[in-house]
Amino acid sequence: MKIIVGLIHHESNSFNPELTDIEEFKILKGEEIREKGEALTRTSLKGIIDVLVKHNFEVLPTVVALPTSEGGLVKREAYNYIKEIYLEELSKHEKIDGVCLDLHGSMTTEDLDDAEGDILAETRKMVGNETPITVALDMHAMVTDKMMKNADALVSYRTAPHLDKYETGAKAADMLAKALKENIKLTMAGYKIPYLVSGEKSETDKYPMNELLRRIEEVDKDQEVLYSSYCLGFPWADVEFNTASSIVVARGNKNKAESKARYLADEFWKKRYDFKFTTPAYSLEEALKIAEGEREFPIFIMDSGDNPGAGSNQRIVEPLIYLKSKGYKRVLYGSVCDKEATEKLKQAGIGKQQKILLGQRNTDPQSGKVELTCTTKNIRKYGDVTSVLAQINGIDVIISDKKVVMTDPEFVFSLGVRLEEYRIVMFKSGYLAPEYKPYARKVMLALTPGYTYQELEKIPYKRVKRPIFPLDKIDTIEPEPFS
């Protein structure tokens, strides 16, 4: 049996004015995915392929479009390029038996809100109504009517931070295998939950998500249910269909899928007031004051408003300006994305003092860069990212030529950094990656300015459908089923 597979990902931040272009994606097509797919080991696509191969299906790869990091809305030309590769590769094959895709679920272009719905609609048009389509999604997917209509089964991650990407792909492939080999009809139902929540309030090993995931596990024990999911939406996407959702895929029993999806939606809504920051959250000033009173170091403070993992541009240096103005020492701050500054410091060399223009003062891109005097302590290339460790008034700042999601300690260590030498480590991130937890004596979230600002009630949404919690204090709802 012939199975089409592919991966198209991007989490598109409506508030970041810098559009995402094609060079910010790693693109592989067709057989390149087998030949150069070493970077896919922790993706849902790898889980998809492994399960399909185990079932002796013929796997037909189409496209991989994986962003170097998340960012602003995708340029339409970039999306069209990715889509054209996918459809061209798909059109090379006849008599397709199934499709299994790894999609994010929150990809938005400058003039097309529902990119995943578009991809699935085009796929359905080409393979026909009888060919099963299953999809692995990110937990922060914004599920749409169009996605539900054109896929037979959707399943999302159950961990945040996302540690089960491979397993989610395996689930999507397993559902497809059941449909084809056991002649099981995949029946899906879901409900929209009018709720916006950030990842910083929904880590899955903390309450209330840990309890909600137990509800999902209970639903999955029903013999007529295959898999169930919560998708939490993406709070920095200002689109009309942005909500949380519950999804259940059953073995042909539509009533069962609908009743279980409604149950999960109701359980989620009951806990609407329980979503709090899972890491203690303060203003930057308060977080630093608390850090000053600690006796064991380092203290990790997350610069949450400028998180590249959720689509910010990693350029905003307001916290650095504050640290400098208050005379803080023994602080590690980063990473700031600034290609020009990185190149200038690299050319000057280690040990040289330079005046540089760095970053962006606030969320107004017209505000200009900040002039700073710094001394280069180290220069390294890690993967395809060139970074400089520069000292600015006693603060060590990591400056990189590309955005860096701060999840890999080896990136920091490659610059000769010893975390235990700092009192405060301030990373541009929404939460501390598990890999860093052994080094942290205390962790706090700073509610800093940026395109991933955490206080959602203060964000100037224009298109999100109202009323929606917590922007609007609504106590009774009738969850809306997907059409």
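## Exercises on a sheet and its helices

Helix H6 (residues 165-181) lies across E9, E10 and strand E11 (244-251), and runs at about 145° to E10, where helices (H or I, at least four residues) and strands (E, at least two) are DSSP runs numbered from the N terminus, and angles run from 0 to 180 degrees between the N-to-C directions of axes, which are lines fitted to C-alpha atoms, for helices over the stretch in contact. The model is predicted, so that local features need pLDDT of at least 70 and side-chain atom pairs count only at pLDDT 80 or more, while totals for chains, interfaces and linings use all residues. Residues are numbered from 1 along each chain as its sequence is written, and side-chain values use heavy atoms, without hydrogens and water.

**Exercise 1.** Determine the strand order of the open sheet and find its edge strands.

*Solution.* Begin with the order, which is E10-E11-E9-E21 with antiparallel pairing; strands pair if DSSP finds at least two bridges between them. Next, strand E10 (225-231) and strand E21 (480-481) each pair on one side only, and are the edge strands. Finally, strand E9 (residues 186-193) pairs with E21 over 2 bridges, and Lys192 stands opposite Glu480 in E21.

**Exercise 2.** Describe how helix H2 (residues 44-54) crosses H6.

*Solution.* First, the two axes come within 6 Å and cross at roughly 40°. That makes H2 oblique to H6, since angles under 35 degrees count as roughly parallel, over 145 as roughly antiparallel, 65 to 115 as roughly perpendicular and the rest as oblique. Then list the contact (heavy atoms within 4.5 Å): its residues include Ile48 and Val51 of H2 and Ala170 and Ala173 of H6.
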